[in-house]
Structure formats: structure tokens, C-alpha cells
Amino acid sequence: MGDDLPVITKLPDLDAAHARWAELRDLVEADQRAYYEEDAPLVSDAEYDARLREMTALEEAHPELASQDSPTQRVGGAAADGFAKVTHLEPMLSLDNVFSLAELEEWDARVRKSLDDERPPYLSELKIDGLAICLTYREGRLVRGATRGDGRVGEDVTANVLTIEGIPHRLAGPVGSHPHLLEVRGEVFLAVKDFEALNRELVARGEKPYANPRNTAAGSLRQKDSTITAGRRLQMYAHGVGALQWEAGQHVELERQSDAYALFQRWGVPISPHNRVVPDLGGAIAMIKDIGEHRHDMEHELDGIVIKVDNLAEQRRLGVTSRAPRWAIAVKYPPEEVHTRLLDIAVGVGRTGRATPYAVMEPVLVAGSVVRQATLHNQEVVRAKGVCIGDEVVLRKAGDVIPEILGPVTAAYDDGYPRRDFVMPADCPECGTPLRPMKEGDIDLRCPNARSCPAQVRGRLEHIGSRNGLDVEGLGEVSAAALATILPTEAGLFALSMEQLLPVRAVVRDAETGAPQYDEEGGQVWRAPFRKLDGEPSAQAGKLLGELERAKTKDLWRLLVSLNIRHVGPVAARALADWFGSLAAMRAASVEDLAAVEGVGATIAESITAWFSEDWHVEIVERWTAAGVRFATPGHPGPGAVGVADDGPLTGLTLVVTGSLEGFTRDGAREAIIAAGGKAAGSVSKKTDYVVVGENAGSKAAKAEALGLQIIDEAGFRALLAGRPGEADGAH
């Protein structure tokens, strides 16, 4: 989390402050109605938070603006019409938010000061992106379920709550062991996997999918027909206690909020498995960072961590404000969903010829980077998402993944912005060849001009330079685009000269969509990567030619990958190279011989045979060979003699490497395992023999521990490779 949030300063005069506050009040009130009452947000969470923070800052700078009816003092929205109104026995408060560790430390300092410098243990919980719910139990029987509403009055949704699997209709345990009255506070949510399954069902029926799990869960809980709610697979985790009354002689003293959660579990009320009690702020920060790295591994969506003082007596000492407790705070992660305008839908072509629609949007900051484009996959996805050019759309960028448009902001349909439907072009936008499906029934359209379509040549050149290809430093996105302007195919790659490189230049393109990049004034960005401003060769030009020379003698499997044969990736290429030892032996083999190689199979075998049937493919091999490329493994005895020893130190063992190792790249570790006769797996399972754990290891290490697998560090890994397994045991 960063500390670089915008600083809101005091406005120059009271009139300007009043005017801005009034403007924000109207916006925030509309936002709250749309979010809490209609489940149709007008703006992203990030934009709403920013407005509310600005209002709060204005009220702090000009106290005369603050009043009890200010949106900054409210918990949520009014109870919706159509449901009976319910007054909560205890108010359902909201939470104050912080957006940086510095703000969290300030909150912690205030808490400790109020507690006479005591360091209270904190209860840390995931901030589930769902809908708050209050469940009322009398003598252990569920009598009412209600939404939060404005914190005091909510909506009676008991009939729908009763359909949610996991919420007990009667608390577990013997009769008489429960409180006379109990309010369980929790969050109703739709698990990510269930949300995705629901959207697949909707698309299959020709209906529009939902934009996100939170709004879907909220809308599902507010259905007038409870059978619809029952079909939505909603879940609930409890995260608090409202009213609690025991009969005389039955009272159970609770010292901590975590004690209440233990009681809930005993009674069958669902509790999040991710809750942690930590001794101090340092433990809370560790959880914030840990969950931040793995938030997309959780069963539900979340937007932060809630930190609570665990001790109930200390909670009472700290007290509450009109809208939030002083003993709890929500630490919000950087926003991953924002709203922006869809300006256009264009089409890019990749190295396989696939024509992919992509969104061109008003630039927007999301998850730490400015996003202007996002893939839309194919014309059916555009239709299923229900987006039109001109729509305001919900954009998601989860962590480091590719930006994705989730759907239109339906509440903005009447904003007056012109809209039009997307129509998939009939011809390739790069070479004009008519697009067609690869095979009958395919949704995806492809350009069949594989040989000379500039987009496909550009993509194949970049693939050759990639880490899984020949790993050529200097042959990246920009260089590949430049070279595609002078190479009709990749056949001439290894015969390039400095004279050929100097004059070339190309448009900079997006790595995912192939779309041209534009500067702030709307002009396309061009680069001449191989020459300096004075016309002399750039360092990149010399580096590229040197790297290409070294690539001529790289491992055979890398050359096989670099030929761009359909379905032949690193795993199949290694198996083929180990078995046949040369490209000549592969070409001479029958489909049956190729398919018989472990890890290859009929589909890959047929693809290899088909690739060599094209004259221009054969030309690539011949011209690369003439330029000095070595399509053979030195010393390999011929087909059938696999290039790893049957009695290697790792023969029969499966290893998984996770995290960073000091002495190995990821590919280097994999190659070392294979050379030693072992199997380098990408995921942890019960069949894994060793898990090698380096720095910043992720969820694979945790899964290995849960399965009780042998975990070793880099020293143990080296001992295994050297044939000293005894030294590896316990090397962690």
C-alpha cells in the first residue's frame, strides 16, 4: 500500500468551500441512493471514497459545514420500498476508512492514547465486498433477517435469508443454551466461482451477465420472489454482535470479540476462516500485506482488511461516533474497479491470426497504472457483456492481470452520450484478407494470411525473442514491430545486417491487443529502435545482432518453440528434442512416431506434420540453417535416446519451485530438474515429492505445508541435484 494519496487543502474562501461542499453533497447523496438502495452504482468505489473524503476534509476545515444530516455522518441508504421496515435493536454502524499504512498508524496511535498507551491485540478480518445483514435469533431460533438500511432502519428480507445455505434456522446446541436474544451481524456475498457460473448460465440463455458479485448478491437478497434468491448460491460470514441478552443464570461472559466468534462457530453460524487475532499493529500490517498479495485466491471478493480492537471492555472505552466505531477501521486496498467511457472498439490481430476486438477507453488510473485499452476477446463476448461504443463501463484490473471490462454502468444509460453497436469487420484490419473461422463452429475469427500479414509476422518475431523462445535480449515488442516492416516473414531474421536495421521504425503497440499506442495529444507513438538521433547505430542494434548470433546454437527445444508450430510449447518441445535429437529426425518421423513421444500425442503430431507441408515454413528452416542455426543437439545418439539419464539424481521425482532463487532463474531451475532426470511441475499436489521454496514464495508454499510435503530451500535443492538427498532433508 502506498502513502501517495491526494492531499486535500483548505479552499481559499468560505463561499467557494460552501459551493463545493453543496456540489459534493448532491453527488454523494445520489451515489448513496444508487449503491445502497438500488444496487446500481453510478460511480466506482474509488470515486465515491474520494468524494466522501473531500467532503470530510471540507467539514474539518470549515466546521460550520458539518451537520447531522451530512452524508459524511450517514451509515448507508434508506430502506427500500416493497419490503417491511425493521428497526434494529442496536444500530448497525459503518466503518471509517484509511487508504495508507501511514493513516493506519495514526489510527493506532489514537487508539493507544485513549487506552493509556496500552497495545491492544487486534482482530483482523477480510473486508468482504457484499451486503451487510442482521440476523435476529430468539431462544436460538432465527426470527428475522434484515438489511442494514440507514443503520437504524433496514428491510425485512427474512424469507430470502431462510433460503441461504449455511445460515442456521436454529442454532446448534441443546435447548436453553442460547441467548434469549441475539443479533448476528454479517455479510452476504456471492463466491467468485458461483458468480462466474451464474454469468455462464445467463450468457448461455442469451441474457446479459452481471457486472460484479457485490451488486449481484445485493440484488439477489432483495428479490421479491425468494425462489430466485434460493437459486443464487448466496453465502454469509458473521463479523459482529448487535443486541445480546441472556436469561438470568444463563449469562456467558465474553471478554473478546473473538470469543463471540468461537460461540458462533459452536452454534453453527458461518465464520470467515481468514480471521486472525494479532498482538499489535505489526501483526495487522503483516496480514494486510499477505492478503494483498493473495487476495485473488480468496473465495469471495474483498476490498480491504478490517482491524478491530478485540477486547470488548476496551471497545466500550473507545466508544463510537454517529456513524462508526472508534475501535475499528477499514484499510482499503488500491481500487481495482473504476468507471470510464468506452470510446471505441477496434480489432487487433495476433501472431496466430486471431482477430480480437479491444476496447479503447478514456484513460483511467486503476490498480496503480493508467489503462487505455482492454481486450474483449471476440464478438460474442462483446455481445454477452452488453456493451456499446459510447457506454460508461466498469473496468477491472485485478493486481497485475490484464484489464477487463465487466459491463456497462446501466444507471448511466440516460446520460445523453451517443451510443452505437459494435460490428465485427469482415476483413483483416492489417492486410485486408477476409476473416474466417479456423474450423467450422469456431467463434473466433482469424486472418488466414499467416505468411505475410504484418500483424502475424510481428507477433511471431516477438515470440521468437521471448523467454520461452530463444530468449533474445533486444527482440521485444518494439523491435519486432520495426523488423516486421522489412521482413516479409521470419525467414531472414538470422541474416540481418546493421545496414538493414538502421532505417527501420515502427508504431509502438500494446503487448496484449496489438493496438497502436498514442501520446497525450492523440498522435501515434513511433520508435526507431536501432539508431540514435545522430543517425549512428544504437546500442540496441549491436546487442540484437550479437544476441541473434548466440541464439544460433541455443538448445534445440528453444528453436522448436521459436518456429511457431501450433500447439508446440516448451513442454512438448523439450520432449521432442530429447527424443529425436534433431529437427531432421523429427521431419522424417511419421505422425504415429511423433504421437508416441510422451507428452506429445496425436494433436501435436498432426500439427507438426501440417506445419512442414507449407513451403514457406520449409523456407524458414532452410534459411535459418544457411545462416548457421543449429537444429540438433550435439552428441545426441538419435531418435529414442532421451537426452536425460535414466539414473539421474532426480529420476522418478517431481519437484515444484516457487519464489525467487538466488542462483537460478525460473527456467534455469526447471532445466536443472529435467537434466537431472526429474519432473518439473507447475502446481503442487499430493504427487509432488519436493517443493523448493525461495524468497517471496506464494500460495504454493502454503499448500505444500497443508499437504505435509517435503519443503526445501535452495541449499537443499542444490544437494538434491548433486545426489546428496540426505543433506536436503530438513533444509528449510
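Tutor: A salt bridge is a side-chain nitrogen of Lys or Arg within 4 Å of a carboxyl oxygen of Asp or Glu. This is a predicted model, in which local features need pLDDT of at least 70, side-chain atom pairs count only at pLDDT 80 or more, and totals for chains, interfaces and linings use all residues. Residues are numbered from 1 along each chain as its sequence is written, and side-chain values use heavy atoms, with hydrogens and water left out.

Student: Which residues are linked in a network of salt bridges?

Tutor: The network joins R341, D391, D415 and R419. In the whole structure, the search finds 30 salt bridges.

Student: What makes E54 and R20 a salt bridge?

Tutor: Their side chains meet at 2.9 Å, N to O, and the cut-off is 4 Å. The pair links distant parts of the chain, 34 residues apart: E54 lies in helix α2 (residues 45-61) and R20 in helix α1 (residues 14-37). Helices here are DSSP runs of H or I with at least four residues, strands are runs of E with at least two, and both are numbered from the N terminus.

Student: Why does R20 count as partly exposed?

Tutor: Buried means under 20% relative accessible area, exposed over 50%, and partly exposed in between, with a 1.4 Å probe and protein chains only. R20 has 24% relative accessibility, so R20 counts as partly exposed.

Student: Are R185 and E183, which meet in a salt bridge, buried or exposed?

Tutor: R185 is at 8% relative accessibility and therefore counts as buried. E183 has a relative accessible area of 0%, so E183 is buried too. Their N to O distance is 2.8 Å.

Student: How are R256 and D259 classed?

Tutor: R256, at 35% relative accessibility, counts as partly exposed, and D259, with a relative accessible area of 22%, is also partly exposed. The closest N and O atoms of this salt bridge are 3.0 Å apart.

Student: How many disulfides does the count give?

Tutor: A disulfide is a pair of cysteine sulfur atoms within 2.5 Å, and by this rule the count comes to 0. C431 is in no disulfide, as the nearest cysteine sulfur, that of C447, is 3.5 Å away. C431 is at 29% relative accessibility and so counts as partly exposed, whereas C134 has a relative accessible area of 1% and is therefore buried.

Student: Which residues line the largest cavity?

Tutor: The lining consists of L182, V241, L244, L254, A260, L263, F264 and W267. On a 1 Å grid over the protein atoms alone, a cavity is a set of points where a 1.4 Å probe fits but cannot get out, and lining residues have an atom within 4 Å of a point. Helix α8 (257-267) and β8 each supply at least two lining residues, and α8 gives the most, with 4 residues.

Technical notes: On a 1 Å grid over the protein atoms alone, a cavity is a set of points where a 1.4 Å probe fits but cannot get out, and a pocket is an open set with protein on both sides within 12 Å along at least five of seven lines; lining residues have an atom within 4 Å of a point.
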